[in-house]
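Good morning, and thank you for joining.

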Amino acid sequence: MVLHKIISLNNKKEISELTKNDLQRIANIKVPEIEKISKIMVDFGAEGTCMSGSGSSVFGLFYEKDKAIKAVQRLQKEYNFVKITKIL
């Protein structure tokens with residue numbers, strides 16, 4: 001619920017604080033694809049990206065659905081499981 005409220009308030013500073021994972025810096029070195037996926041999402045308009053847990057997935061937060069769709073279309077060219085979801 002906190003994430004949903006921060007996103008609805010369009011507080012980019014708080015979003016960037018919430019989309020941090022202490023393991024990501026090290027994971028990016030060991031698995032460069034994580035950083036590559038994050039960069040693609042940011043290039044397509046994600047407000048923030050983050051690796052979940054120990055790196056089983058990477059997610060991006062988009063305010064505009066059309067930007068998310070374009071990011072998904074780009075990522076699907078290289079990756080098998082790319083989906084748009086919605087915060088409840």
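The largest nonpolar core consists of eight residues: Ile 37, Ile 40, Met 41, Ala 46, Val 72, Leu 75, Tyr 79 and Val 82. By such a core I mean a set of buried Ala, Val, Leu, Ile, Met, Phe, Trp, Tyr and Cys residues joined through side-chain atoms within 4.5 Å. Buried stands for under 20% relative accessible area, exposed for over 50%, and partly exposed for what lies in between, with a 1.4 Å probe and protein chains only. Helix 4 and helix 5 each supply at least two residues of this core, and helix 4 gives the most, with three. Helices (H or I, at least four residues) and strands (E, at least two) are DSSP runs, numbered from the N terminus.

A word on the source: this is a predicted model, in which local features need pLDDT of at least 70, side-chain atom pairs count only at pLDDT 80 or more, and totals for chains, interfaces and linings use all residues. Residues are numbered from 1 along each chain as its sequence is written, and side-chain values use heavy atoms, with hydrogens and water left out.

Val 72, one of the core residues, is in contact (heavy atoms within 4.5 Å) with Val 82, Lys 83 and Ile 84, leaving aside neighbours within four places in sequence.

I turn to the strands. Strand 1, residues 48-51, is covered on both faces: Gly 48 and Cys 50 on one side, and Thr 49 and Met 51 on the other, are all buried. Strand 1 runs antiparallel to strand 2, and four bridges join them; pairing requires that DSSP find at least two bridges. Cys 50 has Phe 59 of strand 2 as its bridge partner. The two strands form a hairpin with six residues between them, and Gly 53 in the turn has a positive phi of about 45°.

Why does Gln 24 count as buried? Gln 24 does so because its relative accessibility is 11%. Gln 24 lies in helix 3, residues 24-30. Beyond its neighbours within four places in sequence, Gln 24 contacts Ile 34, Ser 38, Cys 50 and Met 51.

Finally, the largest pocket has a volume of about 970 Å³. A pocket here is an open set of points on a 1 Å grid over the protein atoms alone, where a 1.4 Å probe fits, with protein on both sides within 12 Å along at least five of seven lines; lining residues have an atom within 4 Å of a point. The volume is the space filled by probe spheres set on the points. Of its 31 lining residues, Phe 59, Gly 60, Lys 83, Ile 84 and Thr 85 are the closest to the centre. Helix 5 gives the most to this lining, with five residues.
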